[in-house]
Amino acid sequence: MAQNPLTSGVASLLVTLLLGGIIVEMSLIGMLLITKTQSANSGIRQSQDTLAGAQSGLDDGILSIIRNKNGPYSDKNFSIGVAAVEVSFCKNAYSKNSDCDTAVAGVYEVTSIASASLKRRKMVAQLRVNATTGLVVVESIKEVVF
Amino acid sequence: MPRMAKLNFSDQNGQSLIEMLLGLTVGAIMIIVAVGALSVSLRTNYRDNFAQDASFMNEALLENVISTAEGFWGQVAAFATGCSSVFCGILYHFPEISKYGQPDFNYSEVVYYIVPCDIANYSVKINGNDYYPCFRVRRVSRAANGVIEAVYNAANDDPSTLEASIKTRWVNGSISQETPTLTRVVTRKQNEVYLQSNWEGGPTTPADSAYTTPVTTFYSLSAISYGTIGEIKLQSPGSGETGILFSNAIFAQRQVTLNSVMWQGSLPSGSGVEFQIASSNCANGATDAQCLVGSWGSSNCFTTGGTNSCYIGPAGTSDNADTYTATGPNIQMRTNGAHHGDKLYFRYKIMLKRGNGNNTPNVADVILNWSI
């Protein structure tokens, strides 16, 4: 039988392209998954940085109150590692629904928000401050999702 | 489109060599590119597993350092001497092994030894791989408004704040890699107060006693009345315009950093209440390691090269003008940590100054606050 040069091999080329496409597709999916994993690992590190920053802010804020129970306290901003930290205070009050909205004598609150890249983490410490002696007792430290 | 109309997929005639080669070449390029990309990704992912393990370990170990600082501040502060500009390794002894057969990083009683960062015999093994954690501890300075300075300034050193950093190295094949640095500020936020509210026990001069709990005695005084329970005040006008009382030594039971001095009472117009503080690691005020040289005093001060632990003000001198002074009671006067950091014993000197119309300040409480 005579071979038609225009049609011979077409099926083979299509199959090759099809198989190649599938392989490339699978590779892309694999790379995407791996990239996602790497991105998650990078996110973990950023999250660690911001957590360390938020904890630093709390420590710094608590020390401020230990040294000066009367205030006034102005917000603090500083950098630690790759994280930018904002620290704010409530005196004789804590935050229930909004900042410093619930007044309680002797209760102070330190809020620390750290951010690095796209990650942000917020930590809040509640303190009990003796009005006479200035003794500061940390009653709770918690991370707040926001 | 006549050519398309001629396509016949059931044609079993095969293909020419050139077409087969073209198909194989295209396929080979696709496979090579795909395999190459996958290979790079898999290698990166493999490396990332190391990085992930190291990152989690960084977090756990840094937390461990923070815990240690909260219990034994001096142990971590000591790192700031040799490991402030370079990273140091710390040789661990982990007494506990977790159920997974790995070191239990949460175990609190970890023993630390500072070693060079890159020696091979202090690695921590996770999943069969060796990791080399390296630490840096820096002193921190604060501006006048209390904000941490980006660049350390020794003149503004804060002895109650440190910056601790960790990064971890590992070797993957022949390539040495390390995590980014994880950094955190830690402060001496555990505080205690010493409150003296009664002086009726009178002076103990010349006995040089040290007390852990508040007492009713003091070391010596002049022109101050202490007979009324719960207060001290100036004696009658004829006794002088300024009264002075020296406390006994207050024993903090561990090396602490004094944060503030404060008083409660009343301050009539024109009168004054001022403080100077002395601190030492010896009950007798000596300034040498054996507690043999020097004493509590107001001259030959250790801060200016002398051997005595003097009563000094914020500028570090015993000058009568160099005092901790507040505009009234219930105001914490922040003490100079550079002078009163990591000390065991404290003494206060309180000076009462007469005001208008012979008014005398009344002091009901003297309160020292320190960080442990």
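1. How many residues of domain 1 of chain B are in contact with residues of domain 2 of chain B? In this predicted model, five residues of domain 1 of chain B are in contact with seven residues of domain 2 of chain B. Strand 5 of chain B supplies four residues, the largest share of the side of domain 1 that touches domain 2, and by class that side has one nonpolar, two polar and two charged residues. The division itself places residues 51-187 of chain B in domain 1 and residues 191-371 in domain 2.

2. Strand 5 of chain B deserves a separate comment: the strand is mostly covered, with 12 of its 16 residues buried. Strand 4 (residues 129-141) of chain B runs antiparallel to strand 5 and is joined to it by 11 bridges, with Y132(B) standing opposite R169(B) of strand 5. Strand 7 of chain B also pairs with strand 5 in the antiparallel sense, over six bridges, and here E163(B) stands opposite V185(B) of strand 7.

3. Strand 6 (residues 175-178) of chain B is antiparallel to strand 5 and joined to it by four bridges, W170(B) having Q177(B) in strand 6 as its bridge partner. The hairpin of these strands has two residues between them, and in it G173(B) takes a positive phi near 70 degrees.

4. Between the chains, 57 residues of chain B are in contact with 52 residues of chain A. Among the elements that each supply at least two residues of the chain B side are strand 5 (157-172) and strand 7 (182-187), while helix 2 of chain B gives the most, with 19 residues. By class, the side of chain B that touches chain A has 23 nonpolar, 25 polar and nine charged residues.

Notes
Residues are numbered from 1 along each chain as its sequence is written. Chains are lettered from A and ligands numbered from 1 in the order in which they are written. This is a predicted model: local features need pLDDT of at least 70, side-chain atom pairs count only at pLDDT 80 or more; totals for chains, interfaces and linings use all residues. Two residues are in contact if their C-beta atoms, placed from the backbone, lie within 7 Å. Ala, Val, Leu, Ile, Met, Phe, Trp, Tyr, Cys and Pro count as nonpolar, Asp, Glu, Lys and Arg as charged, and the others, Gly among them, as polar. Domain bounds come from an automatic or database domain assignment. A residue is buried if 20 or more other C-beta atoms lie within 10 Å of its own, exposed if 12 or fewer, and partly exposed in between; C-beta atoms are placed from the backbone. Two strands pair if DSSP finds at least two bridges between them.
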